[in-house]
Amino acid sequence: MRYPGLNHLHKSIDAMTTPEANVYFNAIEVSEALFGSHMQANLMMVGAAFQRGLIPVSAEAIEQAITLNGVAVKANVQAFRVGRRIVVEPAWVDTLKTRRQGELDYTPETLNGDARALVESVAPEGELRRLLELRVPELIAYQNIGYARQYVEFIGRVRRAEQQAAPNQTRLSEAVAKYLFKLMAYKDEYEVARLHLKANVRAEIADQFGSQAKAAVMLHPPLLRSLGLKRKLKLGAWFTPFLKLLRGMKGLRGTPFDIFGLDGIRKTERALIGEYRAAVESLLPT
C-alpha cells in the first residue's frame, strides 16, 4: 500500500479540526537547516502552538522554563521563537537553505579500485548507480571489502530478478539498495566512533563555531544503559584516543569477541539484516 500523500493527510486532519487554525511545516527540516540538528523541532512546534493561541502560558514563562531546564538553552529559546515566526510569516520558511547535516558527498571519481569493481559488477545505470557509488565505499569503511561484497551481490540478484519480471525498471533494486544499506550499516559503538572521527565533522564544527571551538561527544551506549546508566556521558577531546581505538576494533563486530554485540539491541540489529533479505528473496520469484 502507498503511504498517503501530504495533501490527503492535511485534508483528513482539517476535516476533524478547525482548518483555518492549523499550521503545517516540516519542523525537522527547518531544525536541521537552522541548528544542524533535529533536536530543536519539538520546541518549534511549541512555538507555533503558542503563537496560534493554543498554550495558555506567556512566552516569557515558556522561555524561563527552557532556561531553568538548562539544556541547550540558547538553541531551544531560538527554536521556540522560530516556531512563532513561522506562524506570523509562513513564507519565511521558503527562504531557508536546507541541508541535511553530515550528508555523504561522493562522486564516481572518488571510488577506489575495489569499490569501483564492486559497483561495476552489478552494471547499474542511472539512480541505482548513484546509490551504489555512494553506499559501497561506506560499507567498505564500515567493515571491509567482504562485507560490501555481500551487499552488492544481493543487490545484483534483486536487479536480475527485476529485469526479468519488469524490464527497464529499477525501483525495487533502488529501494533494496537504500534499505539493506541502512540495516547493514547499523550504528554500533565502532561505527559511532568512526563517524565522530570523520574529517568533515571536524571541518563543520570549525566552520560554524571557529577553529578554537571545543566539542564534546554525548554517548549513551546500550551496554551501559542495560547496566543502569540513566544519562548520556559527556566526553571531551581527551576521549579521542579511545574513539580511535574503538574504530580500529571494528573487525570484532559480529564475532564472539564483540562484547558490545552481546546487548539485546545489537542482536536485534544483526537479525534484522537476515529478516529483511529473506523478505526480499520471497518476492523475487514473482
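This is a predicted model: local features need pLDDT of at least 70, side-chain atom pairs count only at pLDDT 80 or more; totals for chains, interfaces and linings use all residues.
User: What makes up the protein in terms of helices and strands?
Analyst: The protein holds 14 helices and 2 strands. Its C-alpha trace spans about 60 × 50 × 40 Å along the principal axes. The accessible surface comes to about 18000 Å², and 57% of that belongs to carbon and sulfur atoms. Of the 286 residues, 32% are buried. Among contacts with a separation of 6 or more, 60% are between residues 24 or more positions apart.

User: Why is E138 called buried?
Analyst: The relative accessible area of E138 is 6%. Buried means under 20%, so E138 counts as buried.

User: How do you know that E138 and R194 form a salt bridge?
Analyst: The N to O distance between the side chains of E138 and R194 is 3.0 Å. The cut-off is 4 Å between a nitrogen of Lys or Arg and a carboxyl oxygen of Asp or Glu, so a pair within that limit qualifies. The pair links distant parts of the chain: E138 is in helix α7 and R194 in helix α10 (residues 189-196), 56 residues apart.

User: Is R194 buried or exposed?
Analyst: R194 has a relative accessible area of 10%. The limit for buried is under 20%, therefore R194 is buried.

User: What makes E138 and K198 a salt bridge?
Analyst: The closest N and O atoms of E138 and K198 are 3.5 Å apart. The limit is 4 Å, so the pair is counted. This pair also links distant parts of the chain, with E138 in helix α7 and K198 in the loop between α10 and α11 (199-209), 60 residues apart.

User: Where is R135, and which residues is R135 in contact with beyond its neighbours within four places in sequence?
Analyst: R135 is in helix α7. Leaving those neighbours aside, its contacts are Y151, A177, K178 and F181.

User: What is the salt-bridge partner of R85?
Analyst: R85 pairs with E89, and their closest N and O atoms are 3.2 Å apart. The limit is 4 Å, so the pair qualifies. R85 is in helix α5 (residues 73-88).

User: Why are R85 and E89 called partly exposed?
Analyst: The relative accessible area is 36% for R85 and 38% for E89. Partly exposed lies between the limit of 20% for buried and that of 50% for exposed, so R85 and E89 are given that label.

User: Why is H10 called partly exposed?
Analyst: H10 has 23% relative accessibility. Buried requires under 20% and exposed over 50%, so H10 counts as partly exposed. H10 lies in helix α1 (residues 6-16). H10 and A41 are 31 residues apart in sequence, and their C-alpha atoms are 19 Å apart.

User: What makes the phi values of A123 and N168 worth a remark?
Analyst: Most residues other than glycine have a negative phi. A123 is not a glycine, yet its phi is positive at about 50 degrees. N168 is also a residue other than glycine, and its phi is near 70 degrees. A123 is found in the loop between α6 (113-122) and α7 (126-142), and N168 in the loop between α8 (145-165) and α9 (171-184).

User: Which residues make the nonpolar surface patch?
Analyst: The patch is made by W238, F242 and L245, and its area is about 370 Å². L245 lies in helix α13 (residues 240-248).

Notes: Residues are numbered from 1 along each chain as its sequence is written. Side-chain values use heavy atoms; hydrogens and water are left out. Patches are made of residues with over 30% relative accessible area and no salt bridge: like charges are joined within 9 Å, nonpolar side chains (Val, Leu, Ile, Met, Phe, Trp, Tyr) within 5 Å. Accessible areas come from the Shrake-Rupley method with a 1.4 Å probe; for residues, only the protein chains shown count as cover. Buried means under 20% relative accessible area, exposed over 50%, partly exposed in between (1.4 Å probe, protein chains only). Contact means heavy atoms within 4.5 Å.
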